[in-house]
Amino acid sequence: MKLILAIINFDDANTVTHALTKRGFSSTKLSTTGGFLMAGNVTILVGVDEEKVQTVIDIIKEHSHSRKQMIPTTTEMSYGYYPSMPVEVTVGGATIFVIDIERFERA
């Protein structure tokens with residue numbers, strides 16, 4: 001058995017979980033916050049047999065899209081912060097981890 005952890009953009013969370021459910025996969029959705037932009041993310045947990053891992057990854061990839069976003073940057077000076085030009089960054093997509101599960105029980 002494997003545990004898939006997928007960190008995805010908040011905007012894609014419902015689409016991903018609905019697609020997983022439609023294909024017969026149960027998932028748990030956790031609200032998380034990214035460290036770089038301090039933006040809302042969602043971490044989805046899916047437990048599956050090893051032969052279904054690629055199917056779950058394909059569903060996540062199909063429904064999590066990267067996008068461009070403008071963010072303000074600041075420069076710290078001795079008297080405070082001074083705004084500078086906004087920077088375009090790529091956000092979204094998915095970061096996926098697949099973990100071996102040694103033991104699984106329902107209590």
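1. Exposed stands for a relative accessible area over 50%, buried for under 20%, and partly exposed for values in between (1.4 Å probe, protein chains only). The buried residues of α2 are V53, V56, I57, I59 and I60. They line one face of the helix, because they fall within an arc of 160 degrees when seen down the axis of α2. That arc is taken from the directions that run from the helix axis to the C-beta atoms.

2. The structure is a predicted model in which local features need pLDDT of at least 70 and side-chain atom pairs count only at pLDDT 80 or more, while totals for chains, interfaces and linings use all residues. Residues are numbered from 1 along each chain as its sequence is written, and side-chain values use heavy atoms, with hydrogens and water left out.

3. The protein has two helices and eight strands. These are DSSP runs numbered from the N terminus, where a helix is H or I over at least four residues and a strand is E over at least two. Read from the N terminus, the order of elements is β-α-β-β-α-β-β-β-β-β. Of the 107 residues in the protein, 28% are buried. Among contacts (heavy atoms within 4.5 Å) with a separation of 6 or more, 66% join residues 24 or more positions apart.

4. Helix α1 has buried residues at A13, V16, T17, A19 and L20. These residues lie on the same side of α1, because they cover an arc of only 160 degrees around the axis. On the other side of α1, H18, T21 and K22 are exposed. The cover over the buried residues of α1 includes β1, β2, β3 (40–48) and α2 (53–63). For the buried residues of α2, the cover includes β1, α1, β3 and β8 (94–100). Just after α1, G24 adopts a positive phi of about 95 degrees.

5. F25 sits in the loop between α1 (13–22) and β2 (28–33). F25 counts as buried because its relative accessibility is 11%. Beyond residues up to four places away in sequence, F25 touches L20, V46, V48, K52, T55, V56 and I59.

6. The loop between β3 and α2 contains E51, which is exposed with a relative accessible area of 61%. E51 and M1 are 50 residues apart along the chain, and their C-alpha atoms are separated by 9.1 Å.

7. G40 belongs to strand β3 and is partly exposed, with a relative accessible area of 41%. Its contacts, apart from neighbours within four places in sequence, are with N9, F10 and T32. G40 and D11 are 29 residues apart in sequence, with a C-alpha to C-alpha distance of 8.8 Å.

8. K2 is part of strand β1 (residues 2–9). K2 counts as buried because its relative accessibility is 14%. With neighbours within four places in sequence left aside, K2 is in contact with V46, G47, V48, E50, V53, V98, I99, D100 and I101.

9. K2 also contributes to the second largest pocket, whose lining is M1, K2, L3, G47, I101, F104 and R106. On a 1 Å grid over the protein atoms alone, a pocket is an open set of points with protein on both sides within 12 Å along at least five of seven lines, a cavity is a set of points where a 1.4 Å probe fits but cannot get out, and lining residues have an atom within 4 Å of a point. The volume of this pocket is about 160 Å³, a figure for the space filled by probe spheres set on the points, with grid points joined across faces, edges and corners. By class, the lining comprises four nonpolar, one polar and two charged residues. Here Ala, Val, Leu, Ile, Met, Phe, Trp, Tyr, Cys and Pro count as nonpolar, Asp, Glu, Lys and Arg as charged, and the others, Gly among them, as polar.
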